[in-house]
Amino acid sequence: MDIRLMGLDSPLFNTLHHIMDDTTDKNLNAPTQTYVRDARAMAATPVDVKEYPNSYVFVVDMPGLKSGDIKVQVEDDNVLLISGERKREEEKEGVKYLKMERRVGKFMRKFVLPENANVEAISAICQDGVLTVTVNKLPPPEPKKPKTIEVKIA
């Protein structure tokens, strides 16, 4: 319906209408803050993934982190999540940074595990600043043997 027919053809109403349209479009197309934060955390967390005959191994550099700063979880039954946060050291009086290059903040990586991953047999060890997460493989299914049916004579 035409706005003029409704008696709402004023500059104020038109301005409000355009503002509402602009904010609606931006909100629908803009990524959420959580998505942006997670995407940055994932991009800044390099991981090596290896496959062995009996396991999958994920190797992540975690220099200076304590075990309480690192989380290893399984989500949705088959997604391995490695996350945590590296915090900036507290500033001491009389000390000032001349250069700050080490990354601080949240880190995160997600991996969809293959069907043969045993999510009940996962171990994580952090040694010398390197986190190693090992996901054991399930044994291969035994081949199905043909079922023999006894033939009776009537």
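Predicted model: local features only at pLDDT ≥ 70, side-chain atom pairs only at ≥ 80, totals over all residues.

Biologist: How many bridges do strand E1 and E2 share, and in which sense do they pair?

Modeller: Five bridges, antiparallel, with E1 covering residues 47-51. The two are joined by a hairpin through three residues.

Biologist: And on the other side of the pairing list, what does Val59 stand opposite in E7?

Modeller: Thr132. E2 and E7 (residues 130-137) run antiparallel and are joined by seven bridges.

Biologist: Why call E2 largely enclosed by the rest of the structure?

Modeller: Because six of the seven residues in E2 (residues 55-61) are buried, where buried means under 20% relative accessible area.

Biologist: OK, what about strand E3 and strand E4, how many bridges there?

Modeller: Six, again antiparallel, between residues 70-75 and residues 79-86. Glu75 sits opposite Val79 in E4.

Biologist: Which residue in the turn of that hairpin has a positive phi?

Modeller: Asp76, with a phi of about 50°. Three residues lie between E3 and E4.

Biologist: Switching topic: what's the volume of the largest pocket?

Modeller: About 570 Å³. It has 23 lining residues, and the closest to the centre are Pro63, Leu65, Arg86, Arg102 and Arg103.

Biologist: How does that lining divide into nonpolar, polar and charged?

Modeller: Eleven charged, ten nonpolar and two polar.

Terms used
Residues numbered from 1 in each chain as written. Heavy atoms only, no water. 1 Å grid on protein atoms, 1.4 Å probe; cavity = no way out; pocket = protein on both sides within 12 Å on 5 of 7 lines; lining within 4 Å. Points joined across faces, edges and corners; volume = space filled by probe spheres on them. Nonpolar A, V, L, I, M, F, W, Y, C, P; charged D, E, K, R; others polar. Pairing = 2+ DSSP bridges. Helix = DSSP H or I, 4+ residues; strand = E, 2+ residues; numbered from the N terminus. Buried < 20%, exposed > 50% of the residue type's maximum accessible area, 1.4 Å probe, protein only.
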